Amino acid sequence: MEESAFRCGYVALVGVPNVGKSTLMNHLVASRLAIVSPKPQTTRRRTLGIISGEGYQMIVLDTPGILEPHYPLQAAMMKTVQEVLGDADIACVLLDATQLKPGAIALPEELRRFQRKRIAALNKVDRIYPKELLIPLIQEIAQTDLFAEIVPISALTGDGVGRLLEVLVRALPEGPPFYPEDQLTEQPERFFVGELVREQIMTRFSEEIPYAVEVEVAEFTEREGSKDFIAVVLYVEQDSQKGILIGSGGRAIRDLGSSSRMAIEQFLGRPVFLELRVKVAPKWRRDEATLRRLGYRI
Ligand code: GDP
Ligand code: MG
């Protein structure tokens, strides 16, 4: 019998905000690489995860949700989506089963233009009762003729994710692995440290704060015989936001610091010393020079 060839390629997780792309990413890599929150626009940068299995290596890229950009930060986020799609062998398009309106399945233009394979993951099916209600949704998606396959899943419970993985692997191009088998990502620890602090901000603060804050890991020093030293700068747009982040008597920032430190220690598997500083960077979301300095591609 002829041995089947090794498969390796890039899968972009794409879709509108809040459909569960980051939750799926974490389920696929069985690790908390991507930050998740109930708020839309949690993901601002691409996150890369590597899944190595029997006969395949799948490189998964989590992306910001596709939206109409209103300011340069969002434009940079959309550029990231375009770049990831430009390199992807497969676009895994997530659709939220609780939001789909029969008769009106709208797919963003970026995804219609995508030339290679599109696979639909109909997510959040744990929230659909009875299950028969999924049938017209699946038929509706099939009628768009845009997808090679449609797989119902729950990224939250993991239901259907194994089948989605099989479908994605089968659609990968043939080729040798790009990374060593035991490698989980290629992004540095400091990227994940910044993301974990931002996840805490997204979760702990409300209204405009999650969107007005950017995180920069200013220092990450491994110290001989002592905990790693990590200094994180939190940029806000206005003094009033600085006040909210710090809180009365410094309580909010202390709580943010300790929950962030715990998340970082769990991720790194070692104790760290975390220092948070808050700085005002007026209109950083709209300032291209600042965005560029913060690592966004404008
Ligand atoms: P993203 O913006 O597409 O990356 O979405 P996230 O992964 O950040 O998820 C947005 C919200 O949807 C979070 O509150 C998740 O817990 C929730 N979520 C994601 N997948 C599922 C799912 O399969 N079922 C349910 N009930 N909630 C989900
Ligand atoms: Mg996300």
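A residue is called buried when its relative accessible area is under 20%, exposed when that area is over 50%, and partly exposed in between, with a 1.4 Å probe and protein chains only. The model is predicted, so that local features need pLDDT of at least 70 and side-chain atom pairs count only at pLDDT 80 or more, while totals for chains, interfaces and linings use all residues. Residues are numbered from 1 along each chain as its sequence is written, chains are lettered from A and ligands numbered from 1 in the order in which they are written, and side-chain values use heavy atoms, with hydrogens and water left out.

**Exercise 1. Locate Pro108, decide whether Pro108 is buried or exposed, and list its contacts.**

Step 1: Pro108 sits in the loop between β4 and α3 (109-113), where helices (H or I, at least four residues) and strands (E, at least two) are DSSP runs numbered from the N terminus.

Step 2: the relative accessible area of Pro108 is 18%, and Pro108 is therefore buried.

Step 3: with contact taken as heavy atoms within 4.5 Å, and leaving aside neighbours within four places in sequence, Pro108 is in contact with Val16 and Ile66.

**Exercise 2. State the order of the strands in the open sheet, and work out how β1 is paired within it.**

Step 1: the 6 strands of the open sheet follow the order β2-β3-β1-β4-β5-β6, with mixed pairing; two strands pair if DSSP finds at least two bridges between them.

Step 2: β2 (47-53) and β6 (149-152) stand at the edges with a single partner strand each, so one side of each has no neighbour in the sheet.

Step 3: from one strand to the next, the twist averages 25 degrees.

Step 4: β1 (residues 7-14) pairs with β3 (residues 56-62) in the parallel sense over 7 bridges, and the pairing of β1 with β4, also in the parallel sense, runs over 4 bridges.

Step 5: at the level of residues, Arg7 has Tyr56 as its bridge partner in β3, whereas Ala12 has Leu61 as its bridge partner in β3 and Ala91 as its bridge partner in β4.

Step 6: because 6 of its 8 residues are buried, β1 is largely enclosed by the rest of the structure.

**Exercise 3. Describe the packing of α6 against α9 by distance, angle, handedness and composition.**

Step 1: the axes of helix α6 (residues 189-204) and helix α9 (residues 251-268) come within 9 Å and cross at roughly 140 degrees.

Step 2: α6 and α9 are therefore oblique to each other, on a scale where angles under 35 degrees count as roughly parallel, over 145 as roughly antiparallel, 65 to 115 as roughly perpendicular and the rest as oblique.

Step 3: the contributors to the contact include Phe192, Leu196 and Arg204 of α6 and Asp255, Ala263 and Phe267 of α9.

Step 4: the residues of this contact divide into 10 nonpolar, 3 polar and 3 charged, where Ala, Val, Leu, Ile, Met, Phe, Trp, Tyr, Cys and Pro count as nonpolar, Asp, Glu, Lys and Arg as charged, and the others, Gly among them, as polar.

Step 5: the crossing of α6 and α9 is right-handed, a crossing being left-handed if the near helix is turned anticlockwise from the far one by less than a right angle, and right-handed if clockwise.

Technical notes:
Axes are lines fitted to C-alpha atoms, for helices over the stretch in contact, and angles run from 0 to 180 degrees between N-to-C directions.
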